Amino acid sequence: EIEMPVADFFALPTDDRRTYTNLPEGALITGIKLPQPSTIRRSSYVKVMARATWAFALAGVALSADVDGGRVENVRVALAGVAPIPFRVSSVERQISGRAVTDLDFEALGTLVVEGAAPLAHNGYKVDLLSAIFRQALSDLIR
């Protein structure tokens with residue numbers, strides 16, 4: 001039996017492993033353990049699509065955090081539609097965690113979330129799109 005944190009589950013393929021997960025060959029997921037929900041935990045998800053509701057997102061942002069007494073803690077930020085696996089943005093998580101809601105600089109965080117982005121020839125629009133939907137998701141989270 002193997003247990004692994006969800007943060008370790010997804011991985012880009014390598015020369016030695018040609019899959020998008022870190023599961024050993026032949027492994028089968030038989031269960032998922034979720035932590036006890038916190039009464040102060042909030043989440044938001046914003047995605048942009050070109051087609052129907054169940055179509056693959058052009059871009060998506062998922063946020064979760066503990067929001068209590070006007071402070072934001074234990075932040076998680078993941079991007080979708082920018083890589084073949086969910087892409088976690090720990091630099092933004094560190095910038096938000098521990099801050100008062102009123103001290104969040106949405107513009108600066110929207111810039112940081114796409115810092116280092118390397119779009120391909122025909123998807124450069126996703127940089128501005130991700131920045132904008134990140135700001136929306138953050139606004140939804142702290143409301």
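1. In this predicted model, the lining of the largest pocket divides by class into 22 nonpolar, seven polar and six charged residues. The pocket has a volume of about 1400 Å³, and of the 35 residues that line it, M4, P5, V6, A7 and I32 lie nearest its centre. Two or more lining residues come from each of α1 (6–9), β1 (41–48), β2, β3 and β4 (87–88), with β3 giving the most, namely four residues.

2. The second largest pocket has a volume of about 430 Å³, and its lining comprises 21 residues, among which V82, A117, A118, P119 and L130 are the closest to the centre. Both β4 and α4 supply at least two residues of this lining, and the largest share, three residues, is that of α4. By class, the lining of the second largest pocket holds 14 nonpolar, four polar and three charged residues.

3. As for the overall architecture, the chain contains four helices and five strands, and these follow the pattern α-β-β-β-β-α-β-α-α when read along the sequence. The C-alpha trace spans about 50 × 40 × 30 Å along its principal axes. Of the 143 residues in the chain, 29% are buried; among contacts between residues at least 6 apart in sequence, 46% join residues at least 24 apart.

4. It is worth looking next at how the interior is put together. In soluble globular proteins, nonpolar side chains tend to be buried together. Here the largest nonpolar core has 26 residues, and those with the most contacts inside it are V92, I96, F134 and L138. The elements that give two or more residues to this core are β2 (59–68), β3 (71–80), α2 (90–96), α3 (106–112) and α4 (125–142), and the greatest contribution, seven residues, is made by α4.

5. Which residues are in contact with I96, leaving aside its neighbours within four places in sequence? They are V72, V75, L104, L109, F134 and L138. Two of these partners, F134 and L138, are named together with I96 itself among the residues that have the most contacts inside the largest nonpolar core.

6. F56 deserves a separate comment. This residue is placed in the loop between β1 and β2, and it counts as exposed because its relative accessibility is 66%, where the cut-off for that class is over 50%. Leaving aside its neighbours within four places in sequence, F56 is in contact with M49 and G81. Although F56 and G81 are 25 residues apart along the chain, their C-alpha atoms are separated by 7.6 Å.

7. How many aromatic pairs does a search of the whole structure find? There is one, formed by F9 and F10 in an edge-to-face arrangement, with 5.0 Å from centre to centre and 85° between the planes.

How values were computed
Residues are numbered from 1 along each chain as its sequence is written. This is a predicted model: local features need pLDDT of at least 70, side-chain atom pairs count only at pLDDT 80 or more; totals for chains, interfaces and linings use all residues. Side-chain values use heavy atoms; hydrogens and water are left out. A nonpolar core is a set of buried Ala, Val, Leu, Ile, Met, Phe, Trp, Tyr and Cys residues joined through side-chain atoms within 4.5 Å. Buried means under 20% relative accessible area, exposed over 50%, partly exposed in between (1.4 Å probe, protein chains only). Contact means heavy atoms within 4.5 Å. On a 1 Å grid over the protein atoms alone, a cavity is a set of points where a 1.4 Å probe fits but cannot get out, and a pocket is an open set with protein on both sides within 12 Å along at least five of seven lines; lining residues have an atom within 4 Å of a point. Grid points are joined across faces, edges and corners, and a volume is the space filled by probe spheres set on the points. Ala, Val, Leu, Ile, Met, Phe, Trp, Tyr, Cys and Pro count as nonpolar, Asp, Glu, Lys and Arg as charged, and the others, Gly among them, as polar. Rings of Phe, Tyr and Trp (its six-membered ring) pair if their centres lie within 6.5 Å; planes under 30 degrees apart count as stacked, over 60 as edge-to-face and the rest as tilted.
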